[in-house]
Amino acid sequence: MWWAPVLLHSFLSSLQETRARTHSLQYFYLAMSEAAPGVPAFTAFGVIDDQPFIRYDNEEMKAKSCVQWLREEPSYFNDETKIFTSRMKIFRLNLRNVQRYYNQTMENGLNKALEHKQTDPPKTHVTRHPSSDLGVTLRCWALGFYPKEISLNWQREGQDQSQDMELVETRPSGDGTFQKWAALVVPPGEEQSYTCHVQHEGLQEPLTLRWEPPQPPVPIVGIFVGLVLVLVAGAMVAGVVIWRKKRSAEKGGSYTQAAGRDSAQSSGVSLIKDPRV
């Protein structure tokens with residue numbers, strides 16, 4: 001296609017001197033699943049320096065010129081027609097692949113939704129977040145529930161606080177379930193006066209939640225000292241028991257030995273005959 005650069009050169013040489021040094025050549029393609037009013041199923045055109053110079057006629061399936069200077073070489077349009085037609089086939093194939101992937105994704109999402117025909121109750125808890133010197137934020141969480149409909153509401157000693165709370169929209173969790181939270185700013189030290197009320201189809205009865213302060217951890221040093229004391233006390237008790245057993249054994253042995261000697265002496269005396277008799 002040696003004549004294509006010649007045609008382009010003849011066109012570029014007619015441009016102003018300020019634009020003769022830098023030029024751009026671009027091709028644009030558009031494929032649709034089906035034609036719409038005024039929009040063909042496939043569109044292609046070439047642009048040089050922001051000026052269209054060639055286009056693809058979707059009805060005649062031919063490349064056509066958009067400028068006067070490009071109408072002198074029929075062989076050029078035949079080659080461009082082949083290129084545009086090849087691009088059209090590739091784009092339509094890619095479009096079908098995208099549609100197939102999209103439909104498969106929709107099918108997977110539908111199957112996931114069908115798996116959750118049964119209700120999943122929400123997993124709930126309340127968190128506390130320092131927000132300012134004037135208050136703290138209590139956030140009531142509901143996670144992993146299905147179906148989507150749920151009610152979260154803050155109350156203070158039975159009085160509704162919905163006008164002052166922040167309630168986010170129900171959001172998907174990514175596994176077919178949903179999540180939601182409701183937040184309320186309360187005065188420090190009054191957290192126990194506020195309760196969060198949760199209602200959902202998966203719950204046998206509405207839930208009432210309250211922020212519970214964390215239990216202070218037991219110091220590790222205290223645990224270690226207590227364990228040492230228990231071991232020492234156990235060792236002392238075991239020592240006393242062993243000492244008592246040993247003492248008892250020693251006393252019993254001495255008594256037996258002494259009793260044996262007394263018996264022997266008594267037997268000896270009974271065998272000696274008195275000479276006075």
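## Strands E1 and E2

Strand E1 pairs with strand E2 (residues 42-48) in the antiparallel sense, over 7 bridges. Two strands count as paired if DSSP finds at least two bridges between them. The strands themselves are DSSP runs of type E, at least two residues long, numbered from the N terminus. Tyrosine 27 stands opposite glycine 46 in E2.

This is a predicted model: local features need pLDDT of at least 70, side-chain atom pairs count only at pLDDT 80 or more, and totals for chains, interfaces and linings use all residues. Residues are numbered from 1 along each chain as its sequence is written, and side-chain values use heavy atoms, with hydrogens and water left out.

## The sheet around them

E1 and E2 belong to an open sheet of 4 strands. The order is E1-E2-E3-E4, and the pairing is antiparallel. Strand E1 (25-31) and strand E4 (62-65) stand at the edges. Each has a single partner strand, so one side of each is left without a neighbour in the sheet. From one strand to the next, the twist averages 20°. Axes here are lines fitted to C-alpha atoms, and angles run from 0 to 180 degrees between N-to-C directions.

## Aromatic pairs

The structure holds 14 aromatic pairs. Rings of Phe, Tyr and Trp (its six-membered ring) pair if their centres lie within 6.5 Å; planes under 30 degrees apart count as stacked, over 60 as edge-to-face and the rest as tilted. Take phenylalanine 28 and phenylalanine 45. Their ring centres are 5.3 Å apart and their planes meet at 25°, so the pair is stacked. Phenylalanine 28 lies in strand E1 and phenylalanine 45 in strand E2, so the pair ties together parts that are 17 residues apart in sequence. Phenylalanine 28 is partly exposed at 37% relative accessibility. Phenylalanine 45 is partly exposed too, with a relative accessible area of 29%. (Buried means under 20% relative accessible area, exposed over 50%, partly exposed in between, with a 1.4 Å probe and protein chains only.)

Phenylalanine 145 and phenylalanine 178 form a tilted pair, 6.5 Å centre to centre with 35° between the planes. Phenylalanine 145 lies in strand E6 and phenylalanine 178 in strand E11 (residues 178-186), so this pair ties together parts that are 33 residues apart in sequence. Phenylalanine 145 is buried, at 0% relative accessible area. Phenylalanine 178 is buried as well, at 16%. Elsewhere, ring pairs link a cluster: Tyr27, Tyr29, Phe42, Phe53, Tyr56, Trp69, Phe84 and Phe91.

## Strands E5 and E6

Strand E5 (residues 123-132) runs antiparallel to E6, and 9 bridges join them. A hairpin connects E5 to E6 through 2 residues. Proline 130 stands opposite valine 136 in E6.

Two arginines sit over tryptophan rings. The charged end of arginine 128 is 5.4 Å from the ring centre of tryptophan 211. For arginine 139 over tryptophan 181, the distance is 4.3 Å. A charge sits over a ring if NZ of Lys or CZ of Arg is within 6 Å of the ring centre and within 35 degrees of the ring normal.

## The disulfide

The structure holds 1 disulfide, a pair of cysteine sulfur atoms within 2.5 Å. Cysteine 140 and cysteine 196 form it, with their sulfur atoms 2.0 Å apart. Cysteine 140 lies in strand E6 (residues 135-145) and cysteine 196 in strand E12 (residues 194-200), so the pair ties together parts that are 56 residues apart in sequence. The torsion about the S-S bond is about -80°, so the disulfide is left-handed. Both cysteines are buried. Cysteine 66, in contrast, is partly exposed, with a relative accessible area of 33%.

## Buried polar residues

Asparagine 153 is found in strand E7 (residues 150-156). At 15% relative accessibility, asparagine 153 counts as buried. Its side chain makes a polar contact of 2.6 Å with the side chain of aspartate 160. A polar contact is a pair of N or O atoms within 3.5 Å; within protein, one must be able to donate a hydrogen and the other to accept it, and residues adjacent in sequence count only if both atoms are side-chain atoms.

Glutamine 161 lies in the loop between strand E8 (159-160) and strand E9 (166-167). Glutamine 161 is buried, at 13% relative accessibility. Glutamine 161 and threonine 195 are 34 residues apart in sequence, and 9.9 Å apart in space, C-alpha to C-alpha.
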